[in-house]
Amino acid sequence: MREPATENWGFRVRVGLLTREYPPDVYGGAGVHVEFLARELRELVDLEVHCWGEVSSADRAAGVLRHRPWSALDGANDALRTFSVDLAMAAALEGRELVHSHTWYANLAGHLAKELHGVPHVLTAHSLEPLRPWKAEQLGGGYALSSWAERTAVEAADAVVAVSGAMREDILACYPTLAPDRVHVVHNGIDTTLYRPDHGTDALARIGLDPSRPYVLFVGRITRQKGVPHLLRAVRGIDPAAQVVLCAGAPDTPEIDREFRELFEELSRARDGVHWIPRMLPRPEVIQLLTHAAVFVCPSVYEPLGIVNLEAMACGTPVVASRVGGIPEVVEDGVTGLLVPVDEDFEAGLTRALDAVLGDPEAARRMGEAGRARAVREFGWDAVARRTARLYEEILKQA
């Protein structure tokens with residue numbers, strides 16, 4: 001349901017939206033968030049998007065400015081390369097009346113623009129560096145820099161947006177000097193006209209799925225956060241009639257990549273019907289896979305919200321997910337799916353929950369229908385954009 005229009009959308013504030021990911025280079029939930037938020041915000045504000053990528057005149061005409069890490073830092077630590085992009089973004093934001101950054105990759109740009117241009121900085125926290133210690137495996141000493149950049153930006157921001165209530169609690173726990181009234185909850189959204197059941201089967205045929213057998217589906221990056229090793233061990237014990245489909249790519253490090261491959265090979269030897277798609281599939285193919293899955297699984301050990309669960313629900317698919325972070329604010333346990341505590345029994349719990357859904361197709365159908373209805377009712381991007389624009393207006397009135 002669309003929120004009713006308000007009287008005040010004519011102020012057309014000049015906003016700079018800062019992000020690493022932006023189409024066509026979207027590989028995670030934060031990128032999905034920015035893509036759809038930007039689409040809806042353009043109806044409400046004068047929007048300019050600053051992101052990573054190759055400069056294009058067509059992009060500039062569409063209000064998108066892409067920035068590249070400085071060539072002098074080729075081969076340097078990724079945190080330093082990120083800071084070079086942040087400096088370029090901050091310099092290019094002159095004339096914007098408010099800046100809004102997403103993830104640590106752009107938070108420092110927002111903070112620098114606030115100081116340089118004297119404009120308010122709104123920061124959306126999609127995850128928190130203190131709660132992702134495994135990032136040190138990826139960034140080395142750069143993890144100290146990414147943590148510093150996030151802390152500096154969060155503590156000085158005019159407003160911090162949490163994508164879930166659980167995320168708000170995490171922010172205040174990690175950054176206790178931050179005034180609670182500066183932290184606002186605006187949930188992630190889903191385009192339910194785009195993510196909707198697609199009963200075509202061409203994508204399934206290309207992958208080689210057996211249409212007579214149900215399948216468990218995972219879609220996500222190969223990271224510690226997403227809990228992929230737990231999943232690969234958990235699905236060893238599920239009903240042997242079920243297939244397993246892993247749309248898993250973009251490993252954080254060579255170490256997690258190697259671990260994933262070893263576990264995948266072990267799983268493939270233990271059971272048949274295991275399919276790994278290591279590349280990013282086009283969105284229509286993902287939607288088709290989501291639609292036909294008997295169950296979607298999200299085994300994250302840390303998840304501020306989990307847009308991918310909304311995507312599965314919007315396609316009418318029941319979800320088995322870990323009971324962490326903001327996931328319980330999306331997946332209603334026993335209604336739209338099943339939640340599994342992340343404890344010493346986590347992998348066995350995943351196995352039991354997956355088997356419960358696989359073993360009761362009628363209950364799975366009801367959960368899928370309830371998930372679709374919940375996604376439509378509560379998580380539209382138009383509502384997210386309106387809440388965000390209202391926050392901009394409140395911040396500017398206080399400035």
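Student: Which residues does I171 touch, not counting residues up to four places away in sequence?

Tutor: In this predicted model, the search sets aside residues up to four places from I171 in sequence. What remains as touching I171 is A125, L128, V160, A162, L178 and V183.

Student: At what angle do helix α3 and helix α6 pack?

Tutor: Two packed helices are described by the angle between their axes and the distance between the axes. A79, L80 and F83 in α3 meet G142, L145, W148 and A149 in α6, a contact that has six nonpolar, one polar and no charged residues. For α3 (residues 78-92) and α6 (residues 142-156), the axes lie 8 Å apart and the angle is about 35 degrees.

Student: Is H126 buried or exposed?

Tutor: H126 is found in the loop between β5 (121-125) and α5 (135-139). Buried means under 20% relative accessible area, and because H126 has 11% relative accessibility, H126 counts as buried.

Student: Which side chain is joined to that of H126 by a polar contact of 2.9 Å?

Tutor: Leaving aside neighbours within four places in sequence, H126 is in contact with A30, H33, H102, T103, V163, M167, N188 and P304. The polar contact of 2.9 Å joins the side chain of H126 to that of H102.

Conventions. Residues numbered from 1 in each chain as written. Predicted model: local features only at pLDDT ≥ 70, side-chain atom pairs only at ≥ 80, totals over all residues. Heavy atoms only, no water. Contact = heavy atoms within 4.5 Å. Axes fitted to C-alpha atoms, helices over the stretch in contact; angles between N-to-C directions. Helix = DSSP H or I, 4+ residues; strand = E, 2+ residues; numbered from the N terminus. Nonpolar A, V, L, I, M, F, W, Y, C, P; charged D, E, K, R; others polar. Buried < 20%, exposed > 50% of the residue type's maximum accessible area, 1.4 Å probe, protein only. Polar contact = N/O pair within 3.5 Å; in protein donor to acceptor, adjacent residues only side chain to side chain.
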